[in-house]
Amino acid sequence: LDLRATGMTANNFAKNLLEAKQIDVMPVEFRHGGSGAFRVAMTVEDRLFEKALTRLCRFASERAARAA
């Protein structure tokens with residue numbers, strides 16, 4: 001998932017997401033493209049995963065609005 005619109009590095013986004021929404025993701029650092037993505041592992045049942053993605057998307061949208 002691409003998070004460059006938030007203005008945050010992948011590591012900062014992951015740390016803030018965990019603290020604010022209790023969702024843990026794996027930051028991805030690119031060799032030439034810098035930081036701007038993370039990976040999500042689907043390790044819970046679909047219902048919980050859907051709720052987590054909704055919270056994650058809301059969090060990312062809020063951060064992108066702040067960065068704009």
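## Contacts around L56

Contact here means heavy atoms within 4.5 Å. With that in mind, and leaving out residues up to four places away in sequence, L56 touches L1, L17, I23, V25, F38 and V40. Please keep in mind that this is a predicted model.

L56 is also one of the eleven residues of the largest nonpolar core.

## Overall layout

How many helices and strands does the protein have? There are two helices and two strands, and from the N terminus on they follow the order α-β-β-α. Helix α1 covers 10-21, strand β1 covers 26-30, strand β2 takes in residues 34-39, and helix α2 takes in residues 46-67.

The C-alpha trace spans about 35 × 25 × 15 Å along its principal axes. For 68 residues, a compact globule would have a radius of gyration near 11 Å, and the 12 Å of this protein agrees with that. Of the 68 residues, 26% count as buried. The exposed surface comes to about 4,900 Å², with carbon and sulfur atoms supplying 52% of it. Among contacts with a separation of 6 or more, 53% are between residues 24 or more positions apart.

In soluble globular proteins, nonpolar side chains tend to be buried together.

A pair of aromatic rings is described by the distance of the centres and the angle of the planes. The structure holds two aromatic pairs. In one of them, F13 and F38 are stacked, 5.2 Å centre to centre with 15 degrees between the planes. This pair links distant parts of the chain, since F13 sits in helix α1 and F38 in strand β2, 25 residues apart. F13 and F38 are both buried.

Why is the pair of F13 and F59 edge-to-face? Their ring centres are 5.2 Å apart and their planes lie at 70 degrees, so the pair falls in the edge-to-face class, which takes planes over 60 degrees apart. F13 lies in helix α1 and F59 in helix α2, so this pair ties together parts that are 46 residues apart in sequence. F59 is buried, as is F13. Taken together, F13, F38 and F59 form one aromatic cluster.

T6 is found in the segment before α1. Is T6 buried or exposed? Its relative accessible area is 7%, so T6 counts as buried, the limit being under 20%. The side chain of T6 reaches the backbone oxygen of L3 at 2.7 Å. A polar atom of that T6 side chain also lies 3.2 Å from the backbone nitrogen of M8.

R66 is another arginine in helix α2. At 63% relative accessibility, R66 counts as exposed, because the exposed class begins over 50%. The C-alpha atoms of R66 and V44 are separated by 30 Å, and the two residues are 22 apart along the chain.

Where is Q22 found? Q22 is in the loop between α1 and β1. Q22 has 58% relative accessibility and so counts as exposed. Its phi is near 55 degrees, a positive value in a residue other than glycine. Most residues other than glycine have a negative phi.

Key:
Residues are numbered from 1 along each chain as its sequence is written. This is a predicted model: local features need pLDDT of at least 70, side-chain atom pairs count only at pLDDT 80 or more; totals for chains, interfaces and linings use all residues. Side-chain values use heavy atoms; hydrogens and water are left out. Helices (H or I, at least four residues) and strands (E, at least two) are DSSP runs, numbered from the N terminus. Buried means under 20% relative accessible area, exposed over 50%, partly exposed in between (1.4 Å probe, protein chains only). A polar contact is a pair of N or O atoms within 3.5 Å; within protein, one must be able to donate a hydrogen and the other to accept it, and residues adjacent in sequence count only if both atoms are side-chain atoms. Rings of Phe, Tyr and Trp (its six-membered ring) pair if their centres lie within 6.5 Å; planes under 30 degrees apart count as stacked, over 60 as edge-to-face and the rest as tilted. The radius of gyration is taken over C-alpha atoms; the globule rule is 2.2 Å times the number of residues to the power 0.38. Accessible areas come from the Shrake-Rupley method with a 1.4 Å probe; for residues, only the protein chains shown count as cover. A nonpolar core is a set of buried Ala, Val, Leu, Ile, Met, Phe, Trp, Tyr and Cys residues joined through side-chain atoms within 4.5 Å.
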